[in-house]
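User: Hello! I'd like to learn how to read helix packing and pockets in a model. Could you walk me through it?

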Amino acid sequence: RLTRRVAALPGWVFVAAAMVVAVVWFCKWSFVTHVFQNDEDQYVYLSRWLQTDFPASLFAFDIYGRGLQRLEVWLLAIPSALFDSPWSLRGGRLLNAIAFASTAIPVYLLGRRLALRPAWAALPAALTIAVPWAVVTTSFLTENVAYPAFMWAVWAIFRAATAPHWRNDLLALALLIVAGAARSGLLILAPVFPIVVAAVGL
């Protein structure tokens, strides 16, 4: 009976449970990490610098030399503005862990749109955050936000192509911008959007 009750639970319950476990696990390890790479030092410094001339500093290009790739810095700026170190750093690690774990949501939604049953759609969603690549959550690097931003953009492109509506198109464009802000290399997804829509339309 217990097995049947568990199997009858909505798929999002499994996804949420996997995300909670992942965030707790990621934070456990990231909170005890005290070694910084050069890139991490730069991102932390820039997140604190944003407060000097907010909100103009969000889009300044003279100090920040990484172009559009600034989502991680914006994310780290939130706890940096609210707390002093070390709590600001722990807050940044928590936000990175949540961002990384959120990858499971678009994967689950993709599975459901591909007609997978809720429990089966939850399986690949959980596996996408139970990967060796999750070690990046112990650092302040762009991969923490680039990974979920990529999957959110892929889901939005698929949704816009299979359920044509101007709102879905706008959502896809917005998430493509977010993906580009997370990692400039993800701008390669921009031409994929019209190609996929055209291919599905044909």
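Analyst: Happy to! An axis here is a line fitted to C-alpha atoms, for helices over the stretch in contact, and angles run from 0 to 180 degrees between N-to-C directions. Two packed helices are described by the angle between their axes and the distance between the axes. Keep in mind that this is a predicted model.

User: How do the axes of helix 6 and helix 7 cross?

Analyst: Helix 6 (residues 104–113) and helix 7 (residues 118–127) have axes that come within 8 Å and cross at roughly 140 degrees. Their crossing is right-handed. On the helix 6 side the contact uses A104, V107, Y108, G111 and R112, while helix 7 brings P118, A121, A122, P124 and A125. Sorted by class, that contact has 8 nonpolar, 1 polar and 1 charged residues.

User: And what about helix 8 and helix 10?

Analyst: The axes of helix 8 (residues 143–162) and helix 10 (residues 192–201) come within 9 Å, crossing at roughly 30 degrees. Angles under 35 degrees count as roughly parallel, so helix 8 is roughly parallel to helix 10. This crossing, too, is right-handed. Here I157, A160 and A161 of helix 8 meet F193, V196, V197 and V200 of helix 10, a contact with 7 nonpolar, no polar and no charged residues.

User: Which helix gives the largest share of the lining of the largest pocket?

Analyst: Helix 8, with 5 residues. Helix 4 (71–82), helix 8 and helix 9 (166–182) each supply at least two lining residues. The pocket has a volume of about 160 Å³, and its lining includes L71, W152 and L175. By class, the lining has 10 nonpolar, 1 polar and no charged residues.

How values were computed:
Residues are numbered from 1 along each chain as its sequence is written. This is a predicted model: local features need pLDDT of at least 70, side-chain atom pairs count only at pLDDT 80 or more; totals for chains, interfaces and linings use all residues. Side-chain values use heavy atoms; hydrogens and water are left out. Helices (H or I, at least four residues) and strands (E, at least two) are DSSP runs, numbered from the N terminus. A crossing is left-handed if the near helix is turned anticlockwise from the far one by less than a right angle, and right-handed if clockwise. Contact means heavy atoms within 4.5 Å. Ala, Val, Leu, Ile, Met, Phe, Trp, Tyr, Cys and Pro count as nonpolar, Asp, Glu, Lys and Arg as charged, and the others, Gly among them, as polar. Angles under 35 degrees count as roughly parallel, over 145 as roughly antiparallel, 65 to 115 as roughly perpendicular and the rest as oblique. On a 1 Å grid over the protein atoms alone, a cavity is a set of points where a 1.4 Å probe fits but cannot get out, and a pocket is an open set with protein on both sides within 12 Å along at least five of seven lines; lining residues have an atom within 4 Å of a point. Grid points are joined across faces, edges and corners, and a volume is the space filled by probe spheres set on the points.
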